[in-house]
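Hi,

Here is the structure I promised to pass along.

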Amino acid sequence: MAAQPPRPKLPPLTALRAFEAAGRLGGFTPAARELGVTPAAVTAHLKTLEQSLGAALFERHPRGVALTDLGARVLPDFTRAFRQLDAAMQRLEGEAAPGLVRIATTADLAQLWLSPRLPRLRRAGFQVVPVPVEAPEAARGLADLGLFLLPGSGPEAPLIAVSAPDAAPPLATLDPALTLSLAGPAGDWTPWVEAAGIPGFRPRGPVHGSAALALEEAANGAGLLVIARPLAEAALAQGRLSEPYGITAPSGLSLMLWPLRDLAPDSAPAQVLAALG
C-alpha cells in the first residue's frame, strides 16, 4: 500500500474562523461577538493569517474594514467548508450523545419559559441543555437552537400587567410607588399605560434587570409589574401571579426559536424544534 503524503500544515483554525466570520459579517466587531472573543483577538488572528500568507485579506479604513479582492474570492470556499465542518461535528455529537440538544438563550428565558417544558422533553428521550448567552450573535457554534425575544414576525410576546393574586387595586387608584419595572423592551410600561387608558401614569417603583427577580417580588406582593407574557406564563399557570386588568399591549417583540445550524430532519434538535415550535 502506497504511503499517503502528509497533509500540508494549515494556519490555526482560530485564524481561519476569524477570517470567515469577519468576511461574512462585514467587520471585526461582529465577528468577535459571534466567536465569543474580543475585537483585538480577531485583529490579532487576522494579522497572523495575513503575515503567513504574505497577502492582505482585508482593507482597513477609519470607518471599518472591507475584503480585498483576494479575500472576497476565497470567502465563499471557507464559508462552505465551515458549514461542512459544523455538519460533521453535529453528526459526531449526535452519534456520541443521542438526544443531546443545546439551546442558546437568555438566563430569564431559560428559567422562566424553557425550564417548565424540559420535563416533557426529557420524558421523550431528549437531553436539552440551556446555554445562557446575552445575545444571538454569541450563540453560533455553541448551540443547536436559539431562543430569544426579538423584534420580528414570530409569535407575539405582548406586554401584560401581573401582581400577586387579589393584590391589585382598581386601575384608577393605582399607586405609582407600588409598581415594579423590568429594564428593556420586555418590561416597557409606556405601551401598556397607553392601552390601559391612564395617560401620564409613570411607575416609580424598583427597576430590575432580572425578570425572575421582578416576578418573584410581584408574587410576594411588592406591586404591579408589566412584563412580556412568555416570561410570566409559568407563574400565571401556577397561580402565583394573576393578571388583574386583562389589558395587553404590543411589545414589538416576538418569541423566536430557530436552528443555529443546518439540521437533519430526523435529528434530535430538529425534533425538539418541532416540539417547542
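At what angle do helix α5 and helix α8 pack, and how far apart are their axes? Before the answer, please keep in mind that this is a predicted model.

**Two packed helices**

Helix α5 covers residues 107–114 and helix α8 covers residues 211–219; they pack at an angle of about 50°, with 8 Å between their axes. The two helices are therefore oblique to each other. On the α5 side, the contact is made by Asp-108, Gln-111 and Leu-112, and on the α8 side by Ala-211, Ala-212 and Leu-215. Sorted by type, the residues of this contact are 4 nonpolar, 1 polar and 1 charged.

**An aspartate in a loop**

Next, take a look at Asp-144, which sits in the loop between β4 (127–132) and β5 (145–150). Is Asp-144 buried or exposed? Its relative accessible area is 3%, so Asp-144 counts as buried, the cut-off being under 20%. A polar atom of the Asp-144 side chain lies 2.8 Å from the backbone nitrogen of Arg-102. Leaving aside residues up to four places away in sequence, Asp-144 touches Leu-100, Val-101 and Arg-102, and also Trp-258, Pro-259, Leu-260, Arg-261, Leu-263 and Pro-269.

**Helix α9 and what follows**

Which residues of helix α9 (residues 229–237) are buried? They are Pro-230, Leu-231, Ala-232, Ala-234 and Ala-235. Just after α9 comes Gly-239, with a positive phi of about 80°.

**Salt bridges**

Side chains of opposite charge can pair when their charged atoms come close. With a cut-off of 4 Å between a side-chain nitrogen of Lys or Arg and a carboxyl oxygen of Asp or Glu, the count comes to 9 salt bridges.

Glu-20 and Arg-24 form a salt bridge through their side chains, at 2.7 Å from N to O. Both residues belong to helix α1 (residues 13–25) and are 4 residues apart, about one turn of the helix. An α-helix has 3.6 residues a turn, so residues three or four places apart point the same way. Glu-20 is buried, with a relative accessible area of 1%, whereas Arg-24 is partly exposed at 30%.

The side chains of Arg-240 and Glu-216 also meet in a salt bridge, at 2.9 Å from N to O. This pair links distant parts of the chain, 24 residues apart: Arg-240 is in the loop between α9 and β10 (248–249), and Glu-216 is in helix α8. Arg-240 is partly exposed, with 34% relative accessibility, and Glu-216 is partly exposed too, with a relative accessible area of 35%.

Glu-243 and Arg-229 make another salt bridge between their side chains, at 3.3 Å from N to O. Glu-243 lies in the loop between α9 and β10 while Arg-229 lies in helix α9, so the pair ties together parts that are 14 residues apart in sequence. Both count as partly exposed: Glu-243 has a relative accessible area of 25%, and Arg-229 has a relative accessibility of 25%. Finally, salt bridges with shared partners join Glu-20, Arg-24 and Glu-34 into one network.

Happy to talk any of this through.

Best wishes

Terms used: Residues are numbered from 1 along each chain as its sequence is written. This is a predicted model: local features need pLDDT of at least 70, side-chain atom pairs count only at pLDDT 80 or more; totals for chains, interfaces and linings use all residues. Side-chain values use heavy atoms; hydrogens and water are left out. Axes are lines fitted to C-alpha atoms, for helices over the stretch in contact, and angles run from 0 to 180 degrees between N-to-C directions. Angles under 35 degrees count as roughly parallel, over 145 as roughly antiparallel, 65 to 115 as roughly perpendicular and the rest as oblique. Contact means heavy atoms within 4.5 Å. Ala, Val, Leu, Ile, Met, Phe, Trp, Tyr, Cys and Pro count as nonpolar, Asp, Glu, Lys and Arg as charged, and the others, Gly among them, as polar. Buried means under 20% relative accessible area, exposed over 50%, partly exposed in between (1.4 Å probe, protein chains only). A polar contact is a pair of N or O atoms within 3.5 Å; within protein, one must be able to donate a hydrogen and the other to accept it, and residues adjacent in sequence count only if both atoms are side-chain atoms.
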